[in-house]
Amino acid sequence: MSALSLLPARRSVPGVFVALTLTLTIGWLVVLLDGGQLFNQSTTVSLLHVAAGLGLVAVGQTLVILGGSLDLSVAYVISLSTLVAAETMNGSDGAVLPAIGLVLVVSAGVGLLNGLLVTRFRVNAFIATLGVGLLLKGYLDNGYDGPAGTTAPSLVHALGYQRIGPLPVSFLLLIAVTAAAWFALSRTRFGHHLVAVGGDPEVARLSGVRNDRVLVTAHVLCSMCAGLAGIYLASRLGSGAPRVGTEGLYDLESIAAVVIGGTALAGGRGGVIGTVGGVLLLASIDAIFNQLEVDAFFKQVIRGVIIIAAVAVYARRAMRKAA
Amino acid sequence: MSDPPPTPLLTLRGIGKSFLGVRVLDGVDLDVAPGEVHAVVGENGAGKSTLMKIVSGGYAPDGGTVEFAGARRTFRGPRDAQRAGIGIIHQEFNLLPERTVAENVYLGHEPVRRGLVDRRGMLDRTTRLLASVGETTLPADARVGQLGVAQQQVVEIAKALALDARLLIMDEPTAALADHEVELLYGLVRRLQERGIGLLYVSHRLAEVFDLSGRITVLKDGRRVTTVDTADTTADELVRHMVGRELSSYYPDRAAPEDRGPVRLNLRDAGNRKLRDVNLQLRAGEVLGIGGLQGSGRSALARAIFGVSPFTTGDVTLDDRPVRLRSPRTAMRAGIAYVTEDRKGEGIVPRQSVLDNALLASRAVFAARSGRAARTTRVRELLAAVEIRGAGDDQEIRFLSGGNQQKVVLARWLALNPRILLFDEPTRGIDVGAKSAIHDLVRRLARDGAAVLMISSDLPELLGMSDRIVVMRDGHVAGELPAGATEEEVVALAVGTVREPAQ
C-alpha cells in the first residue's frame with residue numbers, strides 16, 4: 001500500500017491562534033490610530049482576568065463537548081459556587097480551604113447529576129443540563145436578592161488581584177487547569193475514551209469503552225471547573241453573587257469559546273489548547289472594543305459574526321477533508 | 001460433504017434463530033479449523049449475516065451450541081466474543097476517523113505505564129502488528145480519516161489482532177475495495193492463515209470465494225444446504241445450491257405484447273458515483289424487474305432516476321426529450337414516482353395521519369390553487385381504491401400494518417398520476433395477503449399505461465412479476481433476461497459466473 005499523502009497526525013497550531021494574532025495586530029493598530037494603547041499594563045491585566053474566568057469554564061466545557069455532550073448549567077453553578085465560597089469563608093482566612101473543598105464537592109455533585117441524567121436516563125444533554133440549571137436558578141432566585149457572604153481577604157488578595165509580572169495568579173491557575181486537562185486527554189485512558197465516545201459512541205462501546213462512566217466523569221470535571229471559576233469570581237468580587245454567572249453569559253460564551261477553538265460541537269475532535277485560544281480571542285475583542293469605547297450592542301453583533309464565521313470556516317475545512 | 005479437518009477452532013451445531021416468529025436460521029452446522037478460510041455464500045436473506053452475528057456475539061441463538069477453542073461458549077455481547085478471540089470486520093468500519101491508527105487499534109485497552117497511556121509503546125506495538133500482516137508503509141500515528149479504504153481495512157484487522165483474535169469474520173471485505181486493492185487483501189488473508197487464524201469469509205463474489213477459501217458452506221432460507229471442499233466444486237454447482245425453489249404463489253398475468261407502449265425512459269451510458277455506463281429502456285405498459293445482490297446498484301439506479309443522487313454522466317431521455325433529473329422535485333414534476341425500500345425511514349411520516357401522508361407529495365409539489373378540496377377528495381378516493389383496511393383516514397400511520405402503510409404510500413404517488421413508477425422492494429416486510437394486493441396494483445398500473453420499474457430481492461416475486469429482468473452487478477448492468485427466466489439465470493448474472501452478453 002502506498003505511503004501517498006500519509007502525513008503523521010496533524011499536530012499543528014489550531015487556526016484560532018492565527019485569528020488571535022490577526023485580531024490583536026489589527027486591534028493594536030486601530031487603537032493606536034485612535035490615540036490609545038492596547039497593551040499597557042492595566043489593559044493587559046484586565047484582559048487576562050477576563051480570560052481566566054471564562055477560560056476555567058470553557059476548559060471544562062471542552063471536556064463534555066469532546067464527549068458529545070454539553071453543559072448549559074455552568075452559569076448557575078458559577079453563581080452558586082461564589083455564594084458557597086463566600087458564605088463558608090465569611091471573611092475568615094482560616095476557612096479558605098474548607099470553602100474551596102465544599103465548592104468542589106457541591107459542583108461535582110451537580111456534575112454528577114448532569115452526567116447521570118444524560119447517561120442513565122438518556123435525557124438529551126441540552127435539556128438535562130438546562131433543567132438542572134433552572135433548578136439551581138430557582139434556588140438562587142428564591143434565597144438571594146443580592147451579594148451575600150464575604151470572601152476571605154487572603155483569597156481576594158492571592159487569587160483576585162495578585163500578579164506575577166503581568167500574569168495574574170488566576171491566569172496561572174487557568175494555565176495549570178488547561179495543562180491538566182490536556183494531559184488527561186492525551187495521556188490517560190479516560191481522555192482517549194472520552195474522545196472516542198464523542199467521535200462515535202457505537203465504535204467506543206464495541207471497543208470495550210464504558211461510555212456512561214466516561215461521560216459522567218467528564219460532566220463532573222466540567223462542573224468542577226465551573227466551581228473553580230466561581231471561587232475565582234468570589235475572590236474578585238469579595239462576596240458571593242447570585243447572578244454573576246448568568247450576567248456574564250458564561251454558559252453560551254464558554255460554548256462559543258470551545259467552538260471557536262476548533263472543537264467539533266458534535267464531539268470527537270478538538271482540544272483544550274484551542275479553547276484557550278478561543279477564550280483569548282473573545283477577551284481580546286472585548287478589550288479592543290473597550291479601548292475604542294464601542295457601543296455595547298455593536299460589540300455583541302461583532303461577536304456573533306465572529307462565532308458564525310469561525311464555525312463556517314471549520315465546516316468548510318471538514319468538508320474539504322471529507323472530499 | 002467433506003470431513004472437517006481435525007481440532008476445529010469453531011464448531012457450530014444446530015444453530016437456530018427466529019425474529020418475531022420468522023425462522024431466519026434453522027439447524028445450521030459449521031466449523032472452522034485454525035488457518036482455514038471457510039467461505040459462507042447464499043442469496044440475500046439466506047441468513048449469512050444473522051449467522052455471523054451469532055458467532056460474533058451480536059445475537060444469541062435460540063437453539064444449538066457454539067463451541068470455540070474447545071469450550072462451549074455463550075457470548076453476552078460483541079465485547080464478550082472479542083475478549084474470547086473472535087473478531088469481526090464489518091463492511092462498515094468501526095473506526096474513529098479523527099484518531100490515529102494506534103489510538104484506534106488500542107481503543108478500549110490502551111497500554112498503560114505508571115497509570116498513564118504509554119503512547120510510545122502503543123505506537124511501537126501498532127507498528128509491529130501492522131508489520132506482522134505485511135503492512136510496513138502505514139505510519140502508526142497517521143490519522144485514520146486520511147487513509148484509503150484498503151488501509152482502513154488493515155487497521156480494522158490490526159485492531160482485531162491486538163485483541164489476540166484467533167477467528168476473524170470478514171463480511172463482504174471486498175465490497176468497498178477497488179480492483180487492485182483486492183489483491184492486497186488476498187495477501188493479507190494468506191498471512192493471517194499462516195498465523196493459524198481461522199477465517200469466516202462471507203462474500204457474494206464467487207471468484208473470491210474460489211480464490212481464497214478451503215471449504216464453502218452454502219446457506220439457503222436459513223438452512224445449510226451443503227459444505228463442500230472448494231477444490232471439488234464449480235461455480236455452477238454453487239449457484240444451483242443457492243437457488244431452487246418452486247414458484248408456488250400466484251402472480252397477475254404479464255403484459256401482452258400489444259400492451260407494451262413506446263419507450264418512456266431511456267438511459268444511455270448513465271452513471272454516477274455508484275453506477276457506471278447504465279443502458280436501459282423502460283417502456284410504457286411493462287413491468288421491468290431489476291435483480292441483483294444488495295449493493296449491486298439496484299437502489300442506486302432508482303435513486304439516480306428519481307434525482308436523489310442524480311446521474312453525473314450519460315444521457316437520460318423521457319418520452320424522447322432529454323431531461324436532467326436533478327432532484328426528487330424535478331423528477332416528480334416529470335411524472336416519476338419512487339416507492340422507497342426504506343418505508344419507515346423514507347416512506348412515511350409516522351406521526352402524521354393516513355390522509356396527511358397520502359397528501360404529502362401532492363401538497364409539496366403542486367400549488368394549492370388547483371383546489372385543496374378537490375385534491376383531498378381525490379386522495380380519499382385513492383385510499384379507498386387501494387383498500388386500506390381497519391383504519392380511518394385520520395389515524396396516525398404508524399399504527400397501521402406494514403402492508404397498509406405501503407398502500408398509503410402508493411396512494412400518495414398515484415395522486416400525482418405518475419407515468420413512471422419506481423418500486424424498490426415494494427413488498428418487503430409485508431404479509432402475504434397485502435403482498436398480492438400490491439402485486440395486482442402494480443400490474444394494473446402498468447396495464448393502464450404506466451412504465452414500472454421494480455426492484456426486488458425476492459426472486460420468485462421478481463420472476464413472477466417482471467416482463468423483462470435486468471440484473472445489476474457492481475454498479476452496471478450485468479445482463480438482461482426475458483420473462484420466464486429461471487432463478488439460476490438471475491443469480492448467475494448477479495454473482496458473475498457467466499460471461500456478460502455484449503451490450
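The exercises below concern aromatic pairs and one glycine in a predicted model.

**Exercise 1.** Classify the ring pair of Tyr139(A) and Tyr144(A), and state how accessible each residue is.

Solution. 
1. A ring pair is described by the distance of the centres and the angle of the planes.
2. For Tyr139(A) and Tyr144(A) the centres are 6.4 Å apart and the planes stand at 75°.
3. Planes over 60 degrees apart count as edge-to-face, so the pair of Tyr139(A) and Tyr144(A) is edge-to-face.
4. Tyr139(A) has 48% relative accessibility and is partly exposed, whereas Tyr144(A), at 12%, is buried.

**Exercise 2.** Classify the pair of Phe306(B) and Tyr338(B), and locate both residues in chain B.

Solution. 
1. The ring centres of Phe306(B) and Tyr338(B) lie 5.3 Å apart, with 50° between the planes.
2. Phe306(B) sits in the loop between α9 (298-305) and β16 (313-318) of chain B, and Tyr338(B) in strand β18 (residues 336-339) of chain B.
3. The two are 32 residues apart, and their pair links distant parts of the chain.
4. Phe306(B) is buried at 6% relative accessible area; Tyr338(B) is buried at 4%.
5. Ring pairs join Phe306(B) and Tyr338(B) with Trp413(B) in a cluster.

**Exercise 3.** Describe the surroundings of Gly77(B).

Solution. 
1. Gly77(B) belongs to the loop between β5 (71-73) and α2 (78-84) of chain B.
2. Its relative accessibility is 11%; the cut-off for buried is under 20%, so Gly77(B) is buried.
3. Gly58(B) is 19 residues from Gly77(B) in sequence, yet the C-alpha to C-alpha distance is 5.6 Å.
4. Beyond neighbours within four places in sequence, Gly77(B) contacts Ser56(B) and Gly57(B).

How values were computed. Residues numbered from 1 in each chain as written. Chains lettered and ligands numbered in written order. Predicted model: local features only at pLDDT ≥ 70, side-chain atom pairs only at ≥ 80, totals over all residues. Heavy atoms only, no water. Phe/Tyr/Trp six-rings, centres within 6.5 Å; stacked < 30°, edge-to-face > 60°. Buried < 20%, exposed > 50% of the residue type's maximum accessible area, 1.4 Å probe, protein only. Helix = DSSP H or I, 4+ residues; strand = E, 2+ residues; numbered from the N terminus. Contact = heavy atoms within 4.5 Å.
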